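This briefing goes through selected local features of one structure. Please keep the sequence and the model at hand while reading the points below.

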Amino acid sequence: TRLNKIIQRFSKIGSKPELKKENLYEVISRVVTYFGKRLPHTGKQVKISLEGDQQIETDLNAELFEWVIENLIKNALDAIEVNEGFVNVSFVKNNKSIEIEVADNGKGIDYKLRNEIFKPGFSTKRRGWGLGLSLSKRIVEDYHKGRIFVKDSVQNKGTTFKIVLKNNE
């Protein structure tokens with residue numbers, strides 16, 4: 001099932017994905033639940049939380065948007081080097097936008113690297129291809145006409161990524 005999901009996601013990259021009205025809480029909740037089941041295997045005590053209005057709907061390609069949230073949570077988990085960590089996913093709807101934040105208490109991102117992290121092939125990890133954030137940027141900006149950026153990051157304190165989508169209502 002997992003491999004089929006990955007194949008479906010890659011098949012959508014490069015083509016114009018269909019956006020349809022989706023419940024944002026349900027889309028993000030699926031990702032949080034997925035990671036919640038895998039947390040015991042990491043050996044870390046990390047709490048993943050989700051906060052936001054459960055009624056917000058917006059135009060999304062759910063499969064691709066889940067991939068973005070998955071990348072951000074996975075990177076957050078990888079960055080957490082303390083025994084007790086947190087990843088907080090939150091979102092709010094304003095008049096013109098929907099703002100989603102993924103915050104952690106990981107090792108942070110060096111200020112000089114903040115523009116580099118979204119480039120294909122760039123990684124600070126020993127393993128990995130450096131594609132997660134570049135794909136996330138493409139999915140958010142090209143397909144959903146939104147923005148993704150590092151809102152805040154402090155060395156050894158944590159990072160907050162922010163996604164801003166248009167409020168389609």
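Contact here means heavy atoms within 4.5 Å. The model is a predicted one.

**Strand residues and their contacts**

- Ile 98 has its place in strand E5.
- Ile 98 counts as buried because its relative accessibility is 0%, and buried means under 20%.
- Leaving out residues up to four places away in sequence, Ile 98 touches Leu 24, Ile 56, Glu 57, Thr 58, Val 92, Lys 93, Ile 163, Val 164, Leu 165, Lys 166 and Asn 167.
- One of these, Leu 165, is 67 residues from Ile 98 along the chain, yet the two C-alpha atoms are separated by 5.1 Å.
- Ser 90 belongs to strand E4.
- Beyond its neighbours within four places in sequence, Ser 90 is in contact with Glu 51, Glu 99, Ile 100 and Glu 101.

**Aromatic pairs and a charge over a ring**

- Across the whole structure, a search finds three aromatic pairs.
- Tyr 25 and Phe 91 make up a tilted pair, at 6.4 Å centre to centre and 55° between the planes.
- Because Tyr 25 lies in helix H2 and Phe 91 in strand E4 (residues 84–93), this pair ties together parts that are 66 residues apart in sequence.
- Phe 91 counts as buried, at 4% relative accessibility.
- Tyr 34 and Phe 35 form an edge-to-face pair, because their ring planes are at 80°, where over 60 degrees is the cut-off for that class; the ring centres are 5.2 Å apart.
- Tyr 34 is partly exposed, with a relative accessible area of 22%, whereas Phe 35 counts as buried at 9%.
- Separately, the charged end of Lys 137 sits over the ring of Phe 118, and its distance from the ring centre is 5.2 Å.

**The largest pocket**

- The largest pocket holds about 1,500 Å³ of space.
- Its lining has 46 residues, and the closest to the pocket centre are Asn 71, Lys 74, Asn 75, Asp 78 and Lys 125.
- Two or more lining residues come from each of helix H1 (2–12), helix H2 (24–38), helix H3 (62–79), strand E5 (97–104), H4 and E7.
- H3 gives the largest share of the lining, 10 residues.
- By class, the lining of the largest pocket is made up of 21 nonpolar, 11 polar and 14 charged residues.

**Loop residues with positive phi**

- Lys 145 is in the loop between helix H4 (132–143) and strand E6 (147–154).
- Phi of Lys 145 is near 55°, which is a positive value in a residue other than glycine.
- Lys 145 is exposed because its relative accessible area is 55%, and exposed means over 50%.
- Asn 156 lies in the loop between E6 and strand E7 (158–166).
- Although Asn 156 is not a glycine, its phi is positive, at about 65°.
- Asn 156 is exposed, with a relative accessible area of 61%.

Note on methods. Residues numbered from 1 in each chain as written. Predicted model: local features only at pLDDT ≥ 70, side-chain atom pairs only at ≥ 80, totals over all residues. Heavy atoms only, no water. Helix = DSSP H or I, 4+ residues; strand = E, 2+ residues; numbered from the N terminus. Buried < 20%, exposed > 50% of the residue type's maximum accessible area, 1.4 Å probe, protein only. 1 Å grid on protein atoms, 1.4 Å probe; cavity = no way out; pocket = protein on both sides within 12 Å on 5 of 7 lines; lining within 4 Å. Points joined across faces, edges and corners; volume = space filled by probe spheres on them. Nonpolar A, V, L, I, M, F, W, Y, C, P; charged D, E, K, R; others polar. Phe/Tyr/Trp six-rings, centres within 6.5 Å; stacked < 30°, edge-to-face > 60°. Lys NZ or Arg CZ within 6 Å of the ring centre and 35° of its normal.
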